[in-house]
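Here is a friendly note to read beside the model.

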Amino acid sequence: MQLELALPLLLLLAVAAGLVGALTGLGGGVVVIPALVLLFGVPVPDAIGVGAVTILASSSAAGAAYVREHLSDLRIGMFLEIATVPGALIGASTTVILTHASLDSILLVALGIVLLLIVPGTLSRRHVEIPEAVQPDARSQRLGLSGEYHDHVLDRDVEYHAARTTPALGVMFGAGLVSGMFGIGAGVFKVLALEKYLSLPMKVATATSNFMIGVTAAAGTGILFAAGFIDPVIAAPVALGTALGAFGGSRLLPHLRNRTVRWVFVPFIILLAIESILRGFGIG
Amino acid sequence: MTTPADGPQLPDVEYRRMSLILRLGLSTSLVLLIGGLLVYLVQHPYLGFDQALAHNPILQYLGFTGLVDGLAAGNMAAVLTLGLLALVATPILRVMTGFYYFRHGGERTMAQVTLTVLILLLFGILVLGPILR
């Protein structure tokens, strides 16, 4: 295939990936990485590198809009980065080492299993619009991890407080590990930690996840970039497309009901899990 | 013990500053990446997708001196490298802004948190990455 034909196709793929990534907080890599490998024949390490670039682009694009609308909680996001960044450094380093040893298939299977374990918990909470009666823990109170946003759909201001920061930090470390290792946003884990453990409203969780994904990805991408995993000829159209898609998604999010966002979110966890397991076993 | 300097939520100006950093960083990197790619394609008109995959053009520009020399020579692969670096640097700049805000607001714990994140990010890119290369 000539490059002139492949690049517009990559651009279209990336627009779709950015849109989905912004709406769900997953990041565009979830769609981009398997599509690059399966449709374009890109080697897995290179696809991971491009995936990391899409995360950076979509996080900056969607993050800019979410931050401007005060949907992202900057304080909570920056606090949790203390856990995601070390995870991403370890994850990306592991990928570089494992790629040379051709052992990354085991980790892909493990990722799929972990994601499938998340789904029941996500489904069981799907009717919760806004968490009620949340008790902030001592750390949350000390650091002021609380806030308020205006919900356009409910047409009222929603106040929230972060609870259970310790388990949230643990999940965030895992999110960073997965993000650095696989070049995905790992928004699945971030949204889980923000919503289930910190008990934040779904929209704040999604927007804050998007805000955090960029810093996590910057940690992993730096290592992948230095290792030569990122080819800019492929990464450039993907970054542009993802940014455009993410920008569109971020404009849609404030006007969607939380349940709608969640129903977009759940199928993508399942798809990601199945894709990881199949690829881990060398199928597909 | 530290207490939030200005209430739980950061002031609106901080949100605007963060949003501006993200937009400017993304715009700069996309201009460099897309502009660099278009010129690169004009310079390599018959390049196939498989050929592009097999040869990553930026490998020789990953070091600081190589990048500077490449940019001085007007090499498009060096421009593409700079575009990727701008993309990576955008969230790092955002962390620096956060550190500056918390430090000047007297929030010692949050300043320490953001400084640690900043040091880890720089360690990964400047030390760990090159070691693994």
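1. **Before you start.** This is a predicted model, in which local features need pLDDT of at least 70 and side-chain atom pairs count only at pLDDT 80 or more, while totals for chains, interfaces and linings use all residues. Residues are numbered from 1 along each chain as its sequence is written, and chains are lettered from A and ligands numbered from 1 in the order in which they are written.

2. **Chain A.** The secondary structure here consists of 11 helices and 2 strands (DSSP runs numbered from the N terminus: helices are H or I with at least four residues, strands are E with at least two). Along the sequence of chain A the order is α-α-α-α-α-α-β-β-α-α-α-α-α. Of its 284 residues, 61% count as buried (a residue is buried if 20 or more other C-beta atoms lie within 10 Å of its own, exposed if 12 or fewer, and partly exposed in between, with C-beta atoms placed from the backbone). Among contacts in chain A with a separation of 6 or more, 81% join residues 24 or more positions apart (two residues are in contact if their C-beta atoms, placed from the backbone, lie within 7 Å).

3. **Chain B.** This chain has 5 helices and 0 strands, giving the pattern α-α-α-α-α. Its radius of gyration is 19 Å, well over the 14 Å that the globule rule gives for 133 residues, so chain B is more spread out than a compact globule (the radius is taken over C-alpha atoms, and the rule is 2.2 Å times the number of residues to the power 0.38). The C-alpha trace of chain B spans about 60 × 35 × 30 Å along its principal axes. In chain B, 42% of the 133 residues count as buried. Residues 24 or more positions apart make up 60% of the chain B contacts with a separation of 6 or more.

4. **Where the chains meet.** How many residues of chain A are in contact with chain B? There are 54, and they touch 56 residues of chain B. The elements of chain A that give two or more residues to this side include α1 (3-24), α3 (44-68), α4 (74-101) and α10 (232-252). The most come from α4(A), with 11 residues. By class, this side of chain A has 35 nonpolar, 12 polar and 7 charged residues (Ala, Val, Leu, Ile, Met, Phe, Trp, Tyr, Cys and Pro count as nonpolar, Asp, Glu, Lys and Arg as charged, and the others, Gly among them, as polar).

5. **A helix pair across the two chains.** The axes of α10(A) and helix α4 (residues 76-104) of chain B come within 10 Å and cross at roughly 50° (axes are lines fitted to C-alpha atoms, for helices over the stretch in contact, and angles run from 0 to 180 degrees between N-to-C directions). The two helices are therefore oblique to each other (under 35 degrees is roughly parallel, over 145 roughly antiparallel, 65 to 115 roughly perpendicular, and the rest oblique). Residues making this contact include A:Pro232 and A:Ala239 of α10(A), and B:Leu80 and B:Leu87 of α4(B). The contact has 7 nonpolar, 2 polar and no charged residues.

6. **A pair inside each chain.** In chain A, α4(A) and α9(A) pack at an angle of about 30° with their axes 8 Å apart, which makes them roughly parallel. Their contact has 13 nonpolar, 7 polar and 1 charged residues. In chain B, the axes of helix α1 (residues 12-43) and α4(B) come within 7 Å and cross at roughly 175°, so α1(B) and α4(B) are roughly antiparallel. Their contact has 19 nonpolar, 8 polar and 3 charged residues.

7. A:Pro136 sits in the loop between α5 (104-124) and α6 of chain A. Is A:Pro136 buried or exposed? A:Pro136 counts as buried, because 20 C-beta neighbours lie inside 10 Å. Leaving out residues up to four places away in sequence, A:Pro136 touches residues including A:Gln141 and A:His161. B:Gly66, in helix α3 (residues 64-72) of chain B, has 16 such neighbours inside 10 Å and so counts as partly exposed. Beyond its neighbours within four places in sequence, B:Gly66 is in contact with B:Gln60 and B:Tyr61.
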